[in-house]
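This briefing covers selected features of the structure shown below.

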Amino acid sequence: MLVLSFPLQYPHHSSLSPFSSSSSAFNFSSVLTSQKPQILGFCTRGIRRVSGNPNLPLRLQSTITTGPESQSQVKKREPMIPPYNVLITGSTKGIGYALAKEFLKSGDNVIICSRSAERVESAVQTLNEEFGERRVSGTVCDVKKGDEVKKLVTFACDKLKYIDIWINNAGSNAYSYKPLSEASDEDLIEVVTTNTLGLMICCREAIMMMSNQPRGGHIFNIDGAGSDGRPTPRFAAYGATKRSVVHLTKSLQAELQMQEVKNVMVHNLSPGMVTTELLMSGALTKQAKFFINVLAEPAEVVAKYLVPGIRSIPSSGSMKPTYIRFLTGLKAYSQIFSRLAFGARRNRYLIED
Amino acid sequence: MAAVSKLHLSPQTFLHHLTFKDPSLSDHPPKLRPLLRRNPGKTDGILSFRQRNGRFRPLRHPCRAFRSENGGESTEKRVELVERDGIVEEKNRSLSKKGKGILYSLKSLLLRASGSEKSVSGEKCQSAMAKLEEIFFSVVTQFGRYLLTMTSTGVILAVGFQLSGGDSQMNTLIWYSWVGGIIIGTMIGANMVLEEHSRAGPRNVVITGSTRGLGKALAREFLLSGDRVVVASRSPESVHTTVGELEEDLKKGILTAGSMSKLHMARAKVVGIACDVCEPEDVRKLANFAASELGSIDIWINNAGTNKGFRPLLQFTDEDIDQIVSTNLVGSLICTREAMHVMNSQEKGGHIFNMDGAGSGGSSTPLTAVYGSTKCGLRQLQASLLKECKRSKVGVHTASPGMVLTDLLLSGSTLKNKQMFNIICELPETVARTLVPRMRVVKGSGKAINYLTPPRILLALVTAWLRRGRWFDDQGRALYAAEADRIRNWAESRARFSFTDAMEMYTENTWVSVFSLSVVCAFIILSSSSSSFPGT
């Protein structure tokens with residue numbers, strides 16, 4: 001099967017969708033000899049570098065109004081040195097909160113935000129007590145709403161002047177695990193707007209902000225169940241949105257390369273299964289309990305693993321796309337194996353029958 | 001060994017027929033000719049392309065006719081065993097379909113003949129006679145085909161006897177395998193006929209976003225197949241005009257159609273309602289409207305989708321992103337859910353189709369990041385739904401139209417893009433014509449109905465140089481006819497029944513089973529013949 005992906009010139013319907021598993025690439029240029037061969041760099045799986053070519057037809061510098069690359073070319077890029085300024089959305093509980101804590105422990109400055117003002121306030125208060133004043137600040141922000149995200153950006157500029165690491169953590173599955181046919185309108189709309197629309201708006205604002213910063217920046221999108229394309233029955237909408245997150249990251253990476261934005265990068269971040277409210281609310285079936293016991297980890301453990309990984313990216317200065325995974329396939333299989341073989345982790349968080 | 005080579009060769013020809021059975025492909029051989037002739041003096045650029053384009057549609061006719069002859073009559077060249085199944089089945093079907101008509105017209109003729117002595121109505125009698133003659137002719141043709149296949153299977157028998165060299169044991173084996181082949185072939189044919197018969201009748205179809213582009217073409221195609229269609233779109237005016245246009249098309253279709261399809265089309269109807277798929281209330285209204293207007297919903301197609309042009313994410317406004325996400329993802333989710341509600345309450349269930357798009361496969365879609373990621377999410381949704389609907393009567397499927405020349409694709413496309421479109425794009429009508437017959441006969445759940453199948457892509461790549469000026473010229477101006485003209489040509493080419501259409505009705509699985517059966521038969525004959533001649 002083949003994936004034809006036309007990264008630059010023919011972005012429309014670039015994957016001929018039915019043939020998703022890629023194993024062979026077509027080289028169109030031999031077929032279309034009348035056209036410039038270098039335009040037709042067909043490659044498998046998307047994000048190949050095509051931007052070294054000065055006479056590309058769809059070059060976008062002229063069309064970009066914000067002109068990030070022109071600025072970045074004029075100004076010399078400053079190296080990113082710790083402490084970093086970190087912004088985490090949806091960070092008053094769960095993995096977002098744990099990440100914030102872990103960044104603070106590493107000496108970074110953190111901005112937290114969430115939909116509810118009380119939660120933001122209490123979170124800021126507890127974090128302040130632990131790590132001292134001025135290192136953490138928080139604001140109310142609903143990521144679905146463009147103007148609120150813009151306000152968040154201005155708030156971040158006021159407080160910290162620039163943001164090095166922006167983590168799009170806000171996500172929801174409306175805490176409901178049921179078949180799609182029983183899902184309510186509000187739940188579906190909330191899931192999709194928070195996970196997909198909110199993420200897109202945040203990405204756009206973050207790219208806009210970071211491309212104008214001399215230090216540049218890194219954006220991390222948090223994936224979730226379903227992002228590998230595997231089915232997620234009982235939370236179909238959530239899975240679909242998380243799949244779209246990974247795809248959006250991929251497309252944005254390709255777009256940034258096309259526009260020759262050199263100082264901003266979008267990454268994926270996979271926390272695996274974390275024993276947060278979002279996951280635990282679905283622990284109803286035997287199967288779900290089994291997998292939660294075997295594979296899930298508390299948010300603190302996951303954050304402790306992820307944060308050094310995240311921080312190593314700006315400190316190394318590399319601008320390559322990464323996908324940081326906590327629960328790698330090997331880890332998952334070995335844990336399942338040890339459970340099956342030695343009964344490890346049985347009834348760890350939940351009592352199995 | 002003559003049988004060996006024959007039987008080895010034939011599956012290939014048969015396969016060839018299988019893979020290239022679609023009508024859109026059939027226009028390449030004739031198209032090739034004018035282009036080839038024209039190519040040496042290709043200085044007259046645009047003009048010649050236009051001319052060719054004008055020619056392109058009328059050429060469709062002879063081509064289809066040629067193919068139908070090829071499929072039906074020239075049986076000797078093909079494998080007898082395989083062909084026999086096909087023909088028997090076709091014969092059965094045509095008989096079962098025409099049985100009523102024949103008897104009826106015979107009766108009416110007799111009545112008129114007996115009545116004509118009293119009241120002189122020679123003209124009526126003549127027309128009835130002509131009709132009977134026509135029917136008689138078709139019956140004779142079918143019978144002739146059947147005879148032909150029988151004799152050609154006789155050839156196999158004869159060859160088998162020849163090879164067995166008078167060994168009586170071998171002879172009985174050959175006889176048995178032949179009879180077995182006949183029986184199995186007839187059973188397969190009968191099964192298909194019965195299935196077709198029981199599943200015949202109009203489907204009730206709901207298509208969202210069907211006032212333009214592919215949705216409209218799909219609606220028209222369903223309508224002309226004799227189905228009842230509900231058209232839905234955001235604006236009430238466009239729904240109204242679309243319903244009017246489609247009714248017009250249906251009337252024209254009935255005028256030009258043959259007697260059989262006329263019968264089908266008499267039951268077709270189209271209704272419309274305004275519906276914004278992002279609004280759960282609207283979708284509920286649409287489902288209730290469809291259920292009350294048509295009684296039940298058999299097929300629901302989530303076709304509504306939007307793209308908002310091709311540009312980097314930074315240039316999309318909040319409203320753009322909101323609209324794309326809510327139309328593509330929220331809309332599909334809500335529509336699927338409502339369709340599942342309706343279909344679960346129906347006795348015979350139903351089928352839901354979600355439309356694929358760029359990004360469904362998982363490769364990146366720069367400049368359409370939002371659209372691509374929503375479509376990618378839909379693919380994951382499909383996998384989840386498949387698990388959720390495992391034991392229900394509802395089938396969830398995907399339909400992938402490939403690249404279609406619609407507003408969604410053409411908005412903001414550059415010259416280079418358009419030259420690319422020449423190679424791989426198709427008109428919405430062409431795509432609909434391929435997708436609709438498959439959607440109508442879909443069974444089970446989790447099927448993917450694709451327009452751009454590997455052979456099609458291969459063909460597009462191989463013939464890329466021929467396709468350069470197909471839809472757009474060097475300046476990016478559209479060369480294809482406006483929708484109204486296309487529809488007129490379309491109606492003409494639809495009018496006659498062709499063998500390829502009949503072949504399209506059956507799923508690939510059937511053909512695979514027929515093919516494997518023929519291989520088994522060939523193996524029996526081969527093994528029996530080689531054992532009698534240990535030397536060869």
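**Helix packing and cores**

In this predicted model, helix α9 (residues 213-224) of chain B and helix α17 (residues 428-440) of chain B have axes that come within 8 Å and cross at roughly 55°. The two helices, α9(B) and α17(B), are therefore oblique to each other.

**The contact of α9(B) with α17(B)**

- The crossing in which α9(B) passes α17(B) is right-handed.
- On the α9(B) side, the contact is made by B:Gly213, B:Leu214, B:Ala217, B:Leu218, B:Arg220, B:Glu221 and B:Phe222.
- Their partners in α17(B) include B:Pro428, B:Val431, B:Leu435, B:Met439 and B:Arg440.
- By class, the residues of this contact comprise ten nonpolar, five charged and one polar.

**Nonpolar cores**

- The largest nonpolar core has 85 residues, and those with the most contacts inside it are A:Ile163, A:Trp166, A:Ile219, B:Val230, B:Trp300 and B:Ile321.
- Helix α5 (residues 185-211) of chain A gives the most to this core, contributing 13 residues.
- Another core, of 49 residues, lies apart from the largest one; among its members are B:Ala399, B:Leu427, B:Met439 and B:Tyr451.
- Beyond its neighbours within four places in sequence, B:Val230 is in contact with residues including B:Val205, B:Ile207, B:Val271, B:Phe289 and B:Leu294.

**B:Trp471**

- The loop between α18 (454-462) and α19 (483-495) of chain B holds B:Trp471.
- B:Trp471 counts as buried because its relative accessibility is 1%, against a cut-off of under 20%.

Definitions and conventions: Residues are numbered from 1 along each chain as its sequence is written. Chains are lettered from A and ligands numbered from 1 in the order in which they are written. This is a predicted model: local features need pLDDT of at least 70, side-chain atom pairs count only at pLDDT 80 or more; totals for chains, interfaces and linings use all residues. Side-chain values use heavy atoms; hydrogens and water are left out. A nonpolar core is a set of buried Ala, Val, Leu, Ile, Met, Phe, Trp, Tyr and Cys residues joined through side-chain atoms within 4.5 Å. Buried means under 20% relative accessible area, exposed over 50%, partly exposed in between (1.4 Å probe, protein chains only). Helices (H or I, at least four residues) and strands (E, at least two) are DSSP runs, numbered from the N terminus. Contact means heavy atoms within 4.5 Å. Axes are lines fitted to C-alpha atoms, for helices over the stretch in contact, and angles run from 0 to 180 degrees between N-to-C directions. Angles under 35 degrees count as roughly parallel, over 145 as roughly antiparallel, 65 to 115 as roughly perpendicular and the rest as oblique. A crossing is left-handed if the near helix is turned anticlockwise from the far one by less than a right angle, and right-handed if clockwise. Ala, Val, Leu, Ile, Met, Phe, Trp, Tyr, Cys and Pro count as nonpolar, Asp, Glu, Lys and Arg as charged, and the others, Gly among them, as polar.
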